[in-house]
Amino acid sequence: MNPFSYERAVDVADAVRRGAVPAAKYLGGGTNLVDLMRETIERPQRLVDVTGLSTEIAEDDDGGLVIGAAARNTALAEHRLVRRRYPMLARAILSGASAQIRNMATVGGNLLQRTRCSYFYDDDGSRCNKREPGAGCEAIGGFSRNHAILGASSSCIATHPSDMAVALVALDAVVHLNSTKGERNVRLTEFYRLPGERPDLETQLQPGELITSITLPASSLAARSNYRKVRDRASYAFALVSVAAALSVEDGRVSDVRIALGGVAHKPWRARKAEEALRGARADAAAFSVAAEAELAGAEPVRDNGFKIELMRRTMVATLEKLAGDLA
Ligand code: SF4
């Protein structure tokens, strides 16, 4: 691990002032960043601890939810408003990592965790454009079972590891940012980038910008939602595929739907084509399958991950069938 200084921010203004130097990084729970520092993949010279900032989780004036970026993952998953109004979010968080890690990890840090592509972590001979732009990609042509089938590029086929972020994308979350230049808000669907030719740039976050909170709009639809994750082990494993979905059915037809997919792209993948195919369609397995196929028509598997297409189709159908059954 390289030498670094540690500073604890007392408020947002103090944090962004301390974070406004090129070699600074904000420290949340440290459950990913500290690992990356140990491997010298991340080399900050200054760590600004922001865990003392807002941990509040509360209803906002519009009936939505405001979540302080320093709230711990466990606190969010167990919050009564989350469990009642946004069950997919509680289930997504509880399907990730381990209880110990969820107790430490913050919401802001969860959004910014980096891919678990094994080549990204191996800086002892593996080429990786994300770690070193222009170096090449060892995963293309290499072991690629866990990699992307949607939105990848010839530079990078990594997947985003977060479960929580998949649910937040389906719930139309907004990320609130602050820096010495001021405040701005970004929809989470636009916050994450596809790899293109610069897989090292993963979000719209500018140097020195801090995530201060996340807001969720009020949504009656979200109360009828679920998150389903398929993985190699029952716990402490990243998604091969995952689905966050909310569904509303009237007279046997889909009146509204939100779907986001995990484990298949460089970012949590909002399934707009599937949503479009489903609005007004019969709420049955045949229509769910057609919608899934519409979303997955553009899938481009690589050597080892072709199985993800059928696995995702089945997981989407099963998730939507369960929701429709619960509504019947
Ligand atoms: Fe690096 Fe992306 Fe290739 Fe993995 S898939 S080796 S993260 S460039």
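Two strands count as paired if DSSP finds at least two bridges between them. Strands themselves are DSSP runs of type E with at least two residues, helices are runs of type H or I with at least four, and both are numbered from the N terminus. The model is a predicted one, so local features need pLDDT of at least 70 and side-chain atom pairs count only at pLDDT 80 or more, while totals for chains, interfaces and linings use all residues. Residues are numbered from 1 along each chain as its sequence is written, and side-chain values use heavy atoms, with hydrogens and water left out.

Four strands line up as S9-S10-S11-S12 in an open sheet with antiparallel pairing. At its edges sit S9 (225-230) and S12 (269-270), each of which pairs on one side only. Inside this sheet, S10 (residues 241-250) and S11 (residues 253-262) run antiparallel and are joined by nine bridges; in one of them, Ala 244 has Ala 260 of S11 as its bridge partner. Helix H13 (residues 307-327) packs on the sheet and touches S9, S10 and S11, with its direction at about 35° to that of S10. Touching, or contact, means heavy atoms within 4.5 Å. The angles run from 0 to 180 degrees between N-to-C directions, using axes that are lines fitted to C-alpha atoms, for helices over the stretch in contact. Helix H5 (residues 87-94) also lies across S9 and S10, running at about 20° to S9.

Now for the other sheet. Five strands form an open, antiparallel sheet in the order S4-S5-S8-S6-S7. S4 (57-59) and S7 are the edge strands with a single partner each, so one side of each has no neighbour in the sheet. From one strand to the next, the twist averages 20°. S6 (residues 174-179) and S7 (residues 182-187) pair in the antiparallel sense over six bridges, and a hairpin of two residues joins them. Asn 178 is bridged to Glu 183 of S7, and Val 174 to Arg 187 of S7. Val 174 also stands opposite Thr 215 in S8; S6 and S8 (residues 210-216) run antiparallel, with five bridges between them. Five of the six residues of S6 are buried, so the strand is largely enclosed by the rest of the structure. Buried means under 20% relative accessible area, exposed over 50%, and partly exposed in between, with a 1.4 Å probe and protein chains only.

What about the nonpolar cores? A core is a set of buried Ala, Val, Leu, Ile, Met, Phe, Trp, Tyr and Cys residues joined through side-chain atoms within 4.5 Å. The largest one has 41 residues, and Ile 67, Leu 76, Leu 89, Leu 111, Leu 188 and Leu 216 touch the most other members. Helix H9 (residues 164-170) gives the most to this core, with seven residues. Leu 111 has contacts that include Met 164, Leu 168, Val 175 and Ile 211. A second, separate core of 29 residues includes Val 243, Val 257, Ala 299 and Leu 323.

Definitions and conventions
Lists of a residue's contacts leave out its neighbours within four places in sequence.
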